[in-house]
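Please keep the sequence and the coordinates in view while reading.

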Amino acid sequence: MLYQSSRTVKHVFVSGRENFVTERFQLPTTPIEEFTLANGLRVVLSPDRAIPVVSVAVYYDVGSRNEKEGRTGIAHLFEHMMFQGSENVPKAAHFQFIFNAGGTMNGTTSTERTNYFQTLPSNYLPLALWLESDRMRSLKVTQENLDNQRNAVQEEKRMRYDNQPYVNAFLRMNELIFTNPANAHSTIGSMEDLDAATIDDVRDFFRIYYAPNNAVLTVVGDFDNAEARAFVDEYFSNIPAQPTPPPVDVSEPEPVAIREETFHDALAPAPAFVLGWKIPKRRTQDFYALSLASSLLFEGDSSRLYQKLVKGDESVVSIEGGVDERRGPSALYIFALPKPDEEVSKIRDQIFDEIKRMASDGPTAAEMEKLRNSLCNDAVRGRQSSMYRAQRLAEFALYDLDPKLVDSELDQYLNITADDIKRAVSRYMDVENRVVLDIVPTSAAEQVETTAAASPQPPGEPHQPAAPPPLVPEKPRAEPGSPVNVAIPEIKPSSSEEQPTDPADVSPQTKTGSGPLHP
C-alpha cells in the first residue's frame with residue numbers, strides 16, 4: 001500500500017455488518033538532495049520520473065514586510081520588474097521562451113516572500129535555470145522599465161482594488177488588526193508610495209534582496225541529480241553574494257490595533273462586514289488548531305456557518321473566510337454578505353454564537369473524521385503536482401531552513417485533537433480582542449463627503465506598457481544546451497491575442513486546494 005495511516009478509519013461491510021478496519025496512512029518519503037553554492041544560494045533537488053516534466057521555483061526572502069515606510073508596494077513592483085529583461089533575455093522574452101517550450105509560469109508577492117516558478121518539459125530544464133540565473137545576475141533596472149511597471153502596477157491597483165466592491169475593506173482589515181507597520185500595510189502599496197519610488201530605490205532593492213544568498217532554488221520532476229547539479233553550478237555559481245539583508249521586526253502587541261470601524265464603500269451593492277482576529281505565527285500548535293477550526297466554521301458547503309446562515313435561515317448570500325499565514329503574528333478573517341433587508345447585527349451575533357459553541361463544546365467526532373479525511377486527501381492530491389512540491393519545498397527551506405518538513409507537516413495537523421481546537425478557539429476567537437469592520441454602501445455624493453474616492457487618479461492609457469505585443473528578440477547569447485540536444489525554439493509572435501504578457505495575467509500552474517496544507 002502506497003499511503004497508510006493509523007489515524008484514518010475505513011468502513012468495510014462483511015456479511016451485512018459494518019466493521020471498522022484501521023489502516024496506517026503514511027506518505028512516502030520525499031527524495032531530497034540539498035546543497036549550498038559558495039555564493040550562498042540554497043538548492044533543493046527532488047527527482048520524480050513519473051512524467052517527463054520538471055518544475056523550477058526560485059523564492060526570494062523578501063516581501064511587503066521588508067518594505068520601508070513611505071515605500072510600500074515596492075516588493076510587488078519589483079516582481080513586475082523581473083520580467084522586463086536581463087543581459088541575455090529581451091523584455092517579455094522570458095514568457096515566450098517558456099510558452100514556446102510548452103511550459104507555464106508565474107510570479108507572486110506576499111508579505112513573506114516573492115517567488116517565480118515554471119513547469120515545462122523536462123528536457124528544457126537548462127532553459128529554466130538559465131532564464132532564472134540571467135535575471136538574478138543582470139536584471140535591466142532602468143528608469144524606462146521602472147516607469148513602465150509603476151504604471152502597470154498602479155493600473156492593476158485601480159482595476160483589481162480601487163474599482164472592486166469590498167476589496168479595499170479587506171485591505172483595511174490588516175491596518176485594524178496589526179499595529180506594526182511591517183505587518184499592517186498591503187502588498188499592493190499606496191499610489192503615493194509607488195509614485196515616490198526612485199530608480200535608486202529599485203537598484204538598492206535588487207542589490208540587497210535579489211542576491212543568491214537571499215534565495216532558495218528548488219527543482220522537482222524528471223531529471224538526473226548529477227546533471228541538474230551541474231546545470232545549477234554552471235548558471236548560478238558565479239553570481240556574487242551580497243551582504244545579509246537587514247532583519248525585520250514583525251513583533252506585535254497582543255491587542256488588535258482598532259476593534260471597530262465603519263468602511264464607506266461607494267462600489268458595494270449591499271452592506272457587509274468582516275471579522276478579524278490576531279492569531280499565532282505559522283507552525284505553532286495553536287496555529288494548526290485555528291486553521292482546522294476555520295475549516296469547520298466556514299470552508300465548504302458542510303461548514304457550520306454555511307449550513308446555519310446560507311442553507312439554514314438563508315440570511316446571507318455568502319459566508320467565507322481565510323487564514324493569513326505568516327512567519328510572525330498571523331490573522332484569521334470571516335466575511336459575510338447578508339441578503340437585502342436582513343439585520344446585520346443578528347447575523348454577526350449568530351457567527352459569534354457558533355464560535356462560542358465551538359469554544360465550549362469543541363468539534364464533534366464526525367467533524368474530526370471529516371478534517372482528517374480532508375487533510376489526507378489534500379496531501380495526496382498536492383503531491384501529484386511537481387509545482388506544488390517545488391513550492392512547498394522552497395517554502396520550508398526559506399522559512400524554516402529545513403525542506404524535509406514537507407514530510408512531517410501532515411502529522412502536525414493530524415496530531416491536533418478536538419480539545420486542542422476547543423482550547424485555541426476559546427483563547428483566540430471567543431474573545432473581545434477582535435476587529436469588526438462594517439462595510440456600508442454610499443452614493444457617489446456621500447463618498448466625496450466622507451472619504452477619498454475609490455479611484456483618486458484618472459485611469460491609465462488603454463495600451464499599457466506592461467503588455468506589449470509579443471517580441472521577436474535576437475537569439476540570446478550563451479543559450480543553454482538541452483540534455484537531449486533539443487534546440488531552444490526561435491521566439492515567434494503569438495497567434496493568440498489572449499497570450500498573457502504580464503505575470504499577473506498568467507494562470508497558476510496548480511489550483512490551490514481548500515485544505516490547510518495548501519499554501
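Predicted model: local features only at pLDDT ≥ 70, side-chain atom pairs only at ≥ 80, totals over all residues.

Residues are numbered from 1 along each chain as its sequence is written, and side-chain values use heavy atoms, with hydrogens and water left out.

The protein contains 17 helices and 13 strands; helices (H or I, at least four residues) and strands (E, at least two) are DSSP runs, numbered from the N terminus. Of its 519 residues, 52% are buried, where buried means under 20% relative accessible area, exposed over 50%, and partly exposed in between (1.4 Å probe, protein chains only). The protein exposes about 22,800 Å², and carbon and sulfur atoms supply 50% of this area; accessible areas come from the Shrake-Rupley method with a 1.4 Å probe, and for residues only the protein chains shown count as cover. A contact means heavy atoms within 4.5 Å. Among contacts between residues at least 6 apart in sequence, 81% join residues at least 24 apart.

The charged side chains can now be considered. A salt bridge is a side-chain nitrogen of Lys or Arg within 4 Å of a carboxyl oxygen of Asp or Glu, and by this rule the count comes to 36.

One of these salt bridges joins Asp147 and Arg150, at 3.1 Å from N to O. Both residues belong to helix H4 (residues 143-162), where they are 3 residues apart, about one turn of the helix. Asp147 is partly exposed, at 30% relative accessible area, whereas Arg150 is buried, at 9%.

Which elements does the salt bridge between Arg172 and Glu261 connect? The two side chains meet at 2.7 Å, N to O. Arg172 lies in helix H5 (residues 167-177) and Glu261 in strand S9 (residues 260-265), so the pair ties together parts that are 89 residues apart in sequence. Arg172 is partly exposed, with a relative accessible area of 22%, and Glu261 is also partly exposed, at 22%.

A further salt bridge is formed by Lys308 and Glu354, at 3.5 Å from N to O. This pair links distant parts of the chain, with Lys308 in helix H11 (residues 304-312) and Glu354 in helix H12 (residues 344-361), 46 residues apart. Lys308 is partly exposed, at 31% relative accessible area, while Glu354 is buried, at 4%. Elsewhere, salt bridges that share partners join Arg282, Glu325, Arg392, Glu395 and Asp400 into one network.
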